[in-house]
Amino acid sequence: MPTASKKRVRDNDWLRIAAMLWRLSPVRVSALILVTFAVSVVPAVQLQLTASAVQSVADAVAAGGADGFTGRILVVGLLIAGVSVAAHLFGVWHQYLDSVLRLHLATAVGEQVMRKGTRMDLQDYENPESYDKLQRAFQESSGSNIHQLFADTLSFARELITIVSVSAVLFSWHPWIALLILLAPIPSALAQMWYGKKMYEIEYDRAADRRRLLYFQYLTTTDHTFKEVRLFQLGDFFIGRYRELVQRFLKVDRSLNRRQSLAFGLLGMISVLAAGAALIYAMLATTRTGEIGQLAGYLQAIGVVQGSGHALLVGLAMLLQNKLFVSNLFELLDLPERQIRGGQRKFPAKLRTGIEFREVSFTYPGTTEQVLDRVSFTLPAGNCVALVGQNGAGKTTLVKLLTRLYEPTGGEILIDGVPIQEYDLTELRGNLGVIFQDYIRYEMSVRHNIGFGAVEQLADTGRVRAAAEASGADSIVDTLPDGYDAMLGRHFENGSQLSGGQWQKVALARAFMRGAPVVVLDEPTASIDAEAEAEIFGRFRTIASTSTSLLVAHRFSTVRIADRIIVIEGGRLIEQGTHSELMRQDGHYAYLFNLQAAGYQPEPATEAVRP
Ligand SMILES: Nc1ncnc2c1ncn2[C@@H]1O[C@H](COP(=O)(O)OP(=O)(O)OP(=O)(O)O)[C@@H](O)[C@H]1O
């Protein structure tokens with residue numbers, strides 16, 4: 001994993017942030033810069049005024065009374081009050097502009113990150129390395145680090161202007177005292193900078209472990225995981241793993257804190273001694289010159305320079321750190337998108353010949369194992385083809401290739417004789433009604449859960465109802481208080497929790513809602529009872545009689561309704577034909593069929609013999 005120091009820092013990040021903020025609100029950004037400048041010269045003006053105030057009073061005391069000095073004292077006093085009022089108002093204005101910009105930025109960045117997420121390819125999510133990168137960047141999606149970087153840059157500029165303007169006043173009084181006051185905060189700030197940098201490097205390398213920590217917390221605190229964790233009594237195990245990780249963090253952090261305290265103690269001592277020396281020097285110098293006002297100025301300056309100098313150096317470290325965080329975000333935004341590209345061709349409203357997998361091979365990116373090996377078969381137009389095979393045989397992978405979530409590494413897929421990549425990708429996906437094994441249970445209304453199959457038709461209750469009737473979800477909806485507008489799930493108020501099979505019927509309705517010429521169902525009925533399944537497929541064959549469908553299934557009662565059955569094993573097509581043809585062949589399919597049938601019979605119907 002790259003460490004922060006190895007990570008390339010790109011200098012145009014600042015320009016990008018500046019451009020981003022400028023686009024959000026040019027007026028506010030300009031105002032903020034102006035106000036920052038105004039605030040930054042206040043300490044130098046105050047220093048000068050303090051010296052004048054004390055000197056005026058000292059002169060009046062020395063002259064034996066305020067007579068002749070009242071005007072001067074009043075002017076200086078009023079100026080001090082005026083500057084304080086201005087500083088206060090500028091401060092309030094600064095805070096207001098800053099918080100408004102932060103809100104705008106958070107909204108804009110959050111949306112940009114979500115948009116980016118929708119434009120990435122599946123392989124970016126399925127590959128642990130790129131997923132890690134994605135997650136790291138998604139953590140920046142609040143835009144807080146971008147804002148922080150902008151705020152840090154402004155504070156850095158403010159402190160710099162403050163120091164320069166205060167130095168100008170001090171140098172005009174006494175260069176050596178000025179130098180001593182200016183150098184005093186450096187040692188302690190260096191110690192802090194070192195600590196900040198170290199901490200960032202450690203945190204950067206911890207990203208994966210931090211996610212693991214969150215995962216253990218998730219496992220012990222969510223409704224999805226509760227039953228299994230409680231019944232397998234895994235709570236203590238996960239807490240143990242959590243504690244182990246936290247202890248490891250703690251050990252590293254403790255050692256770092258020890259070293260930091262040591263460095264801080266020693267270097268901070270140098271700073272304190274230097275400030276003390278500056279003060280003694282100033283007392284001696286002003287005793288000689290009688291400029292008692294300047295002594296008050298030096299005293300104030302030590303505080304200001306200590307604060308600003310420290311803030312400047314530590315701010316610089318923070319600036320570089322936040323820049324690295326922001327670099328993560330920009331790295332995400334710069335990641336190549338949609339590497340899988342489509343062509344110009346429109347998708348046929350109805351397939352003429354069908355879909356052909358020709359010598360299709362596939363190896364997942366970043367792996368070496370070939371999970372599909374020269375697979376060839378056809379899905380004739382209007383037919384229903386079932387894919388069967390044991391776990392890990394490659395069935396879902398075939399679906400991912402047909403939906404162009406991945407590109408085959410060998411061979412090609414043809415739709416009506418045309419290579420799949422020639423079709424417009426949005427058209428292609430719009431014409432596929434697909435439900436994956438790990439379909440989403442949207443914690444939203446029934447209407448959304450079904451209507452997402454054709455999101456532009458969400459308000460069309462007739463169409464949503466028809467899809468629900470096709471999948472058998474209508475009877476579930478009838479029992480819900482708000483019908484199609486009833487909330488599903490338990491994450492939000494008034495949600496109804498469905499059973500596994502009921503959720504699956506709703507998901508199936510989503511695929512039917514699409515009314516697509518090609519329907520792909522990956523294990524669509526695994527949780528649905530046998531009777532309902534037979535009914536659904538009976539209806540499905542009628543509704544989808546004009547569509548071409550691909551069905552991945554383990555239950556042979558589902559499989560046998562298909563016009564054609566493809567048997568995959570270890571990434572290779574080993575048999576294909578109709579149910580009766582395959583049974584006659586008495587090969588792998590017949591073996592699996594008999595095995596399953598035997599499970600339902602009191603006595604084995606046919607002995608399952610492994611081919
Ligand atoms: N994202 C991935 N990266 C690397 N390998 C993968 C990935 N997804 C699946 N595989 C591997 O590809 C092979 C085929 O997986 P696939 O999901 O296609 O099987 P399947 O036939 O659908 O299995 P099941 O019946 O269990 O759903 C398996 O060996 C699996 O480990």
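A polar side-chain atom of T397 lies 2.5 Å from an oxygen atom of the ligand, a polar contact being a pair of N or O atoms within 3.5 Å. The model is predicted, with local features needing pLDDT of at least 70 and side-chain atom pairs pLDDT 80 or more, while totals for chains, interfaces and linings use all residues. Residues are numbered from 1 along each chain as its sequence is written, and side-chain values use heavy atoms, with hydrogens and water left out.

**Exercise 1.** Determine which backbone atoms lie close to ligand oxygen atoms, and describe the shell around the ligand.

*Solution.* Begin with the backbone: an N or O atom of A393 is 3.1 Å from an oxygen atom of the ligand, and one of G394 is 2.9 Å from such an atom. Next, of the 15 residues around the ligand, those coming nearest are E126, G392, K395, T396 and T397, where a residue is near if one of its heavy atoms lies within 4 Å. Finally, helix α13 (residues 395-402) supplies the largest share of this shell, 4 residues, helices being DSSP runs (H or I) of at least four residues.

**Exercise 2.** Describe how α8 packs against α11, and state their relative direction.

*Solution.* Helix α8 (residues 186-205) and helix α11 (residues 235-289) pack at about 165°, their axes 7 Å apart, with angles running from 0 to 180 degrees between N-to-C directions. The two helices are therefore roughly antiparallel, a term for angles over 145 degrees.

**Exercise 3.** Carry out the corresponding description for α2 and α3, and classify the residues of their contact.

*Solution.* Helix α2 (residues 26-62) packs with helix α3 (residues 70-119) at an angle of about 160°, and their axes are 8 Å apart. This makes α2 roughly antiparallel to α3. By class, their contact has 23 nonpolar, 8 polar and 4 charged residues.

Technical notes. A polar contact is a pair of N or O atoms within 3.5 Å; within protein, one must be able to donate a hydrogen and the other to accept it, and residues adjacent in sequence count only if both atoms are side-chain atoms. Angles under 35 degrees count as roughly parallel, over 145 as roughly antiparallel, 65 to 115 as roughly perpendicular and the rest as oblique. Ala, Val, Leu, Ile, Met, Phe, Trp, Tyr, Cys and Pro count as nonpolar, Asp, Glu, Lys and Arg as charged, and the others, Gly among them, as polar.
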